[in-house]
Amino acid sequence: MLLCGRLLSSDYLETVSIGQFLRLNSVSLEHKTDFELLAEAKYFNHNALAMIYDRYSTALYQYAYRQTGSQRIAEDCVAETFSRFLHALKRNKGPRKALRPYLYRIAHNWITDQYRKPSTENGLDENLEIIKDDKPGTESQIIEHETAARLREHLQKLKPDQRQVMVLKHLDGMSNAEVAEIMERNVGSVKALNSRALNNLRKFIQQDEQDQP
Amino acid sequence: MSSKTEHKETIKELESLREAPDRDPVQAARGRAQFLLEAKQISEETVSISLIQRLSSVFQAPQLRMSTLTIAIILSLLLVSFTTSATAASQALPNQFLYPYKIWLENQRLALTINPQKEAELHLIYAQERLAELDAIQDEDLGTQFDQILENFLYHLNAAEEIFSEHQEYVEQEEIINRLETQAPQPSPEFESESDEEEEHEEEPEETPEPDFSDEDDREDEPDYSDDPDETDTPDGDDSGDDNTVNNDGSDTDNGEGDPDNDDTNDDSNDDDNHDDNEENDDDD
């Protein structure tokens, strides 16, 4: 019991000292790697969690927006992604090494779930209407918005992994290696997925052009 | 059109989706605050769990995976630390950190002591210890702790006294029994069988000339009974004499029809009586 007490107290002291150190040197947190931040986030270190949020929330928001075209849904996606991340930490099942792929995977799964829901519940369709109605401007801008909305529709028709490759590689501008890391696949598989996704997307676009008068 | 150019066209179209509006600062700040609040709530919920996890992770870590030797070392360290702390606590004064531990150790030792004499001795030692403690810190203001020490002193004193009184009663009883055993006359082995009969005689004071049977009277009666042991059966023999006549008459029917178990016992017990009765009858004749 005494030994346990000593271990606990030493661990506690260590945590406290880290916390104090972080409070005093919060600027140095910005230079910490994801791995270092994650190690502190596992103990629910406030500053480390805040730094993780600041580092990835905007990127995740853009990732979600590019797929959904809705600011509201993108914000929901960010909130839900970080909430799931916290609960995973609570169960001691958070990311082991890489933080960014983990957060992107959560966001991707959440968006996929939204697409699986009926259109009345997910709110993805209302976005198109909002674009049309709330974005007054020149004719070219309206056409631009309509084209973007149609492209998102086509993206939604793709399989989840194909859509993820499209968004990560061509919208977020990641390399094949980065996409492979996030999707937990090898680079060759990502390239193949990319090729199939582009073919399918081209078919959807051509089909749409044929249908339009 | 080749697939490469098609792909390039598609990618170019996709790039139109790259533009994403900036986050609403209010929404972003709200989301951040909500996230940190949730983190705080979860961390408060999981304080106890995370302590256990940390402890278990310490023991499960590869660099700390325990071998038998490590366990032995830890156990020996525990033993040493326990002994050291117990020794240090035995000298603790009421205003010191280890004093409650000292009292706890005393109580444990008392609880483990079975021998009442040693238990009483321990109570006395601890009572003396309380007095010594009060003497050692008499200049300091103890407040309510003074009453507690005094109460503890009285408790040990009363407990010791109680054990002594109980033990004293037990010793006195033992002494009385021993004295009675040494003073009491030793009955002769031959006369042991007659003791029941003597009790019967004692219950019938009318027949005896002296109601009070002293030891000497018993000894005087001994030879009379021992000379003729058959006569001890005479009172029963007289009663059974009448019965035997019936038994002799009905013995054939009983042996033939009665319960075999009962018949055996009856036969065994009645054979001698019948024999004696027949002799008496012969004498009468």
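I started with A:Tyr61 and A:Tyr65, which are four residues apart in helix α3 (residues 46–68) of chain A and so about one helical turn from each other. For helices I take DSSP runs of H or I with at least four residues, for strands runs of E with at least two, numbered from the N terminus. The two tyrosines, A:Tyr61 and A:Tyr65, form a stacked aromatic pair, 6.4 Å centre to centre with 25° between the planes. My pairing rule takes rings of Phe, Tyr and Trp (its six-membered ring) with centres within 6.5 Å; planes under 30 degrees apart are stacked, over 60 edge-to-face, and the rest tilted. Both A:Tyr61 and A:Tyr65 are buried. Buried here means under 20% relative accessible area, exposed over 50%, partly exposed in between (1.4 Å probe, protein chains only).

A note on what I'm looking at: this is a predicted model, where local features need pLDDT of at least 70, side-chain atom pairs count only at pLDDT 80 or more, and totals for chains, interfaces and linings use all residues. Residues are numbered from 1 along each chain as its sequence is written, chains are lettered from A and ligands numbered from 1 in the order in which they are written, and side-chain values use heavy atoms, with hydrogens and water left out.

How many aromatic pairs does the structure hold over all chains? I get seven. Another stacked one is B:Tyr101 with B:Trp104, with centres 6.1 Å apart and planes at 15°. These two, B:Tyr101 and B:Trp104, sit three residues apart in helix α5 (residues 99–112) of chain B, so about one helical turn separates them. B:Trp104 is partly exposed, because its relative accessibility is 44%. I also noted one aromatic cluster made of A:Tyr53, A:Phe82 and B:Phe35.

Next, charges over rings (NZ of Lys or CZ of Arg within 6 Å of the ring centre and within 35 degrees of the ring normal). A:Arg152 lies over the face of A:Tyr65, 5.4 Å from the ring centre. A:Lys157 has its charged end over the ring of A:Phe204, at 5.5 Å from the centre.

Is A:Glu75 buried or exposed? A:Glu75 counts as buried, because its relative accessibility is 10%. I found A:Glu75 in helix α4 (residues 71–90) of chain A. Its C-alpha atom is 6.2 Å from that of A:Tyr61, 14 residues away along the chain. Leaving out residues up to four places away in sequence, A:Glu75 touches A:Tyr61, B:Arg23, B:Gln27 and B:Ala28. Contact means heavy atoms within 4.5 Å.

One residue in helix α7 of chain B is B:Phe146, which is partly exposed because its relative accessibility is 39%.

Last, the totals. Chain A has eleven helices and zero strands, and 45% of its 213 residues are buried. Chain B also comes to eleven helices and zero strands, with 23% of its 285 residues buried.
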